[in-house]
Protein chains: 2
Amino acid sequence: MSILEKVQLSNAQIDHVGIVVHDLDDALATYCGILGFRLLERLHAPDHGVEIAFLDAGRTTIELLSPTDQESGTARFLARRGEGSHHVCFAVPDIAQTLQELRAKGVRLIDETPRQGIHGLVAFLHPQAAHGVMIELLQKDRAHRLE
Amino acid sequence: MSILEKVQLSNAQIDHVGIVVHDLDDALATYCGILGFRLLERLHAPDHGVEIAFLDAGRTTIELLSPTDQESGTARFLARRGEGSHHVCFAVPDIAQTLQELRAKGVRLIDETPRQGIHGLVAFLHPQAAHGVMIELLQKDRAHRLE
């Protein structure tokens with residue numbers, strides 16, 4: 001396959017695994033205090049209706065999410081499915097191009113255009129697009145790039 | 001913190017994200033054909049009652065699992081929860097030591113002792129140990145180590 005034919009997520013790098021929890025303090029006591037993961041960053045994101053903690057997980061990070069706005073999508077997910085895996089995030093170099101390629105393939109999207117997230121531009125694919133997994137695409141802001 | 005105090009999963013590296021699906025061919029058509037992930041390995045694991053495909057996802061891999069034995073834990077998970085995230089796997093250097101440390105902390109385990117998996121010794125933590133996420137520990141066989 002020539003490099004010109006590399007499309008969609010063939011050059012994606014996993015960025016984080018998102019886990020939704022009822023109570024962030026309680027989840028941090030488990031993940032850091034008991035399981036031994038290291039806390040990298042904790043923040044309140046009122047625009048997104050969540051409190052968030054990022055934990056070091058080697059080549060990736062774990063994002064613990066706890067809804068603060070009961071009308072948010074995250075709160076509805078938690079009420080419907082309970083605590084557990086919420087999404088898997090892949091960093092891509094050009095989110096607009098990846099979305100365009102996916103749209104051309106008829107992939108069902110939650111976000112038709114990228115929007116500003118915590119660490120860069122983000123867009124979610126519908127879970128039906130990936131057999132029940134909600135995939136997040138992320139084009140990292142320069143400050144948050146590892147490379 | 002001294003190096004002697006580094007315990008449990010503080011040195012864990014994410015190895016893969018496990019996703020359970022009804023039909024592996026169908027899931028590969030989506031993940032590789034449409035989303036563009038690259039297939040690394042496909043195998044039938046009758047001892048585990050599953051067909052498996054590993055896909056390249058940058059710093060980690062995606063494991064698609066499809067039960068072939070309707071009595072397996074994977075089949076019961078699929079019947080109860082539907083398609084989607086099944087587990088998150090972390091590679092650890094010494095699985096017996098990590099299990100011992102977790103047991104000492106009272107962490108609820110599915111596997112009290114490591115057992116042979118596809119790529120090395122594995123043990124699963126109970127989802128209740130990690131807010132609904134089933135964590136798999138893996139001590140990779142030498143042949144499967146990246147480093």
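Q: How many salt bridges does a search of the whole structure find over all chains?
A: The model is a predicted one. Side chains of opposite charge can pair when their charged atoms come close. Over all chains, the number of salt bridges found is twelve.

Q: Which parts of chain A are tied together by the salt bridge of A:Asp25 and A:Arg42?
A: The side chains of these two residues, A:Asp25 and A:Arg42, meet at 2.9 Å, N to O. The pair ties together parts that are 17 residues apart in sequence, because A:Asp25 and A:Arg42 lie in separate elements of chain A. These elements are helix 1 and strand 2 of chain A.

Q: How many salt bridges does the rule find across the interface of chain A and chain B?
A: The interface does hold polar contacts, with 13 residue pairs found at pLDDT 80 or more for both residues. For salt bridges across the interface of chain A and chain B, the rule finds zero.

Q: Which element of chain A gives the largest share of the side that touches chain B?
A: Several elements of chain A each supply at least two residues of this side: strand 1 (13–20), helix 1 (24–34), strand 4 (60–67) and strand 5 (84–91). The residues of the side divide into 25 nonpolar, twelve polar and six charged. The largest share, six residues, comes from helix 1 of chain A.

Q: What area is buried between chain A and chain B?
A: The size of an interface is often given as the accessible area lost when the parts come together. Here carbon and sulfur atoms give 57% of the buried area, and the total is about 3600 Å².

Q: Which residues of chain A lose the most area to chain B?
A: In chain A, 43 residues are in contact with 43 residues of chain B. Three residues of chain A together account for 24% of what that side buries. They are A:Leu35, A:Arg59 and A:His131.

Q: Why do the copies meet through the same surface, and what kind of axis relates them?
A: The copies meet through the same surface because 100% of the interface residues of chain A are also interface residues in chain B. Chain A is superposed on chain B by a rotation of 180 degrees with 0.0 Å of shift along its axis, at an RMSD of 0.0 Å. The two copies are thus related as by a two-fold rotation axis.

Q: Which strands of chain A stand at the edges of the sheet?
A: Chain A has an open sheet of eight strands with mixed pairing, in the order 2-3-4-1-5-8-7-6. Each edge strand has a single partner strand, so one side of each is left without a neighbour in the sheet. The edge strands are strand 2 (38–45) and strand 6 (115–116) of chain A.

Q: Which residue of strand 5 of chain B stands opposite B:Ile14?
A: In chain B, strand 1 (residues 13–20) and strand 5 (residues 84–91) run antiparallel and are joined by seven bridges. In strand 5 of chain B, the residue opposite B:Ile14 is B:Phe90.

Notes
Residues numbered from 1 in each chain as written. Chains lettered and ligands numbered in written order. Predicted model: local features only at pLDDT ≥ 70, side-chain atom pairs only at ≥ 80, totals over all residues. Heavy atoms only, no water. Least-squares fit on C-alpha atoms with pLDDT ≥ 70 in both. Contact = heavy atoms within 4.5 Å. Buried area = accessible area lost by both parts, 1.4 Å probe. Salt bridge = Lys/Arg side-chain N within 4 Å of Asp/Glu carboxyl O. Polar contact = N/O pair within 3.5 Å; in protein donor to acceptor, adjacent residues only side chain to side chain. Helix = DSSP H or I, 4+ residues; strand = E, 2+ residues; numbered from the N terminus. Nonpolar A, V, L, I, M, F, W, Y, C, P; charged D, E, K, R; others polar. Pairing = 2+ DSSP bridges.
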